[in-house]
Amino acid sequence: MVDNVYTGYMMCGDKRIEIGDRMRYMPMGYFNDNSLGAIVGTLTNILEDLQNIGSRVIIMVIPGMIYSFIVCIMMIVFDWRIGLIVLAGIVLYFCGLTLLQRTSQRMSPRRMASQSAIVGAVLEFIQGMAVVRAFNTAGNAERTIKAAIAECEKQNVAIELAFIPYAILLSTVCLLYTSPSPRDSCESRMPSSACKKKKKKK
């Protein structure tokens, strides 16, 4: 866990510094064409997601994939029938991951846009506080922020609901390969032979 946090902080910290250095040399037209909310949202929310998820991919997912393929190869060497069963599970799991990734690629841009919109609305409200007080337009500013929050909530809920079927599929595949046999009277997830030996010792 500490390695995940440290890797994420180091990776995104360097990227934030790189983006900040780059911003110093950007033409003024860039800031006219792109809202401040989109820029700040990229530097905060999007990089925070990358910092929390990207480090897990590097530290946990990639070694897990390598370990799975090594186990599959060893199972094929031990018994090709068992190896094919393990390989079928790995292929089925990766098919679910592929579908999950496609759904994420399709829905993530809308979620990122809603996050940038809410950051932009908050920044606009704070920066224009003097104007809001002078002309008594707090109601309009409040409605803009509430609309941005509602849209962000809608996109977050939509992407979570879209992920649920794939999460069920992946969990089912894992349970097929980790659940105890129905013939096993032991409640643990050890093989039947191991449970019998354990009972004899008792």
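The following legends describe close-up views of a predicted model of one protein chain.

**Figure 1. The helices of the protein chain.** The secondary structure of this predicted model consists of seven helices and zero strands. Read from the N terminus, the elements follow the order α-α-α-α-α-α-α. The protein chain has 202 residues, and buried residues account for 20% of them. Of the contacts between residues at least 6 apart in sequence, 71% connect residues at least 24 apart.

**Figure 2. Confidence along the protein chain.** The average pLDDT of the chain is 75, and 79% of the residues reach a score of at least 70. Residues 187-194 form a stretch in which pLDDT stays under 50. For this stretch, the model has 10 contacts beyond four places in sequence.

**Figure 3. The largest pocket and its lining.** The space in the largest pocket amounts to about 1600 Å³. Its lining is made up of 40 residues, and those nearest the centre of the pocket are V57, V61, Y93, L97 and L100. By residue class, the lining comprises 24 nonpolar, 12 polar and four charged residues. At least two lining residues come from each of the helices α3 (36-78), α4 (80-127) and α6 (138-178).

**Figure 4. The surroundings of S114.** S114 is a residue of helix α4. S114 counts as buried because its relative accessibility is 4%, which falls under the 20% cut-off. When neighbours within four places in sequence are set aside, the contacts of S114 are with E151, C152 and Q155.

**Figure 5. G13 in helix α1.** G13 belongs to helix α1, which covers residues 2-23. The relative accessible area of G13 is 25%, so this residue is classed as partly exposed, between the limits of 20% and 50%. Along the chain, G13 and Q51 are 38 residues apart. In the model, 8.9 Å separates the C-alpha atoms of G13 and Q51.

Figure 6. A disulfide is a covalent bond that links the sulfur atoms of two cysteines. When a disulfide is taken as a pair of cysteine sulfur atoms within 2.5 Å, the count for the model is zero disulfides.

Note on methods
Residues are numbered from 1 along each chain as its sequence is written. This is a predicted model: local features need pLDDT of at least 70, side-chain atom pairs count only at pLDDT 80 or more; totals for chains, interfaces and linings use all residues. Side-chain values use heavy atoms; hydrogens and water are left out. pLDDT is the predictor's confidence in each residue, from 0 to 100. Contact means heavy atoms within 4.5 Å. On a 1 Å grid over the protein atoms alone, a cavity is a set of points where a 1.4 Å probe fits but cannot get out, and a pocket is an open set with protein on both sides within 12 Å along at least five of seven lines; lining residues have an atom within 4 Å of a point. Grid points are joined across faces, edges and corners, and a volume is the space filled by probe spheres set on the points. Helices (H or I, at least four residues) and strands (E, at least two) are DSSP runs, numbered from the N terminus. Ala, Val, Leu, Ile, Met, Phe, Trp, Tyr, Cys and Pro count as nonpolar, Asp, Glu, Lys and Arg as charged, and the others, Gly among them, as polar. Buried means under 20% relative accessible area, exposed over 50%, partly exposed in between (1.4 Å probe, protein chains only).
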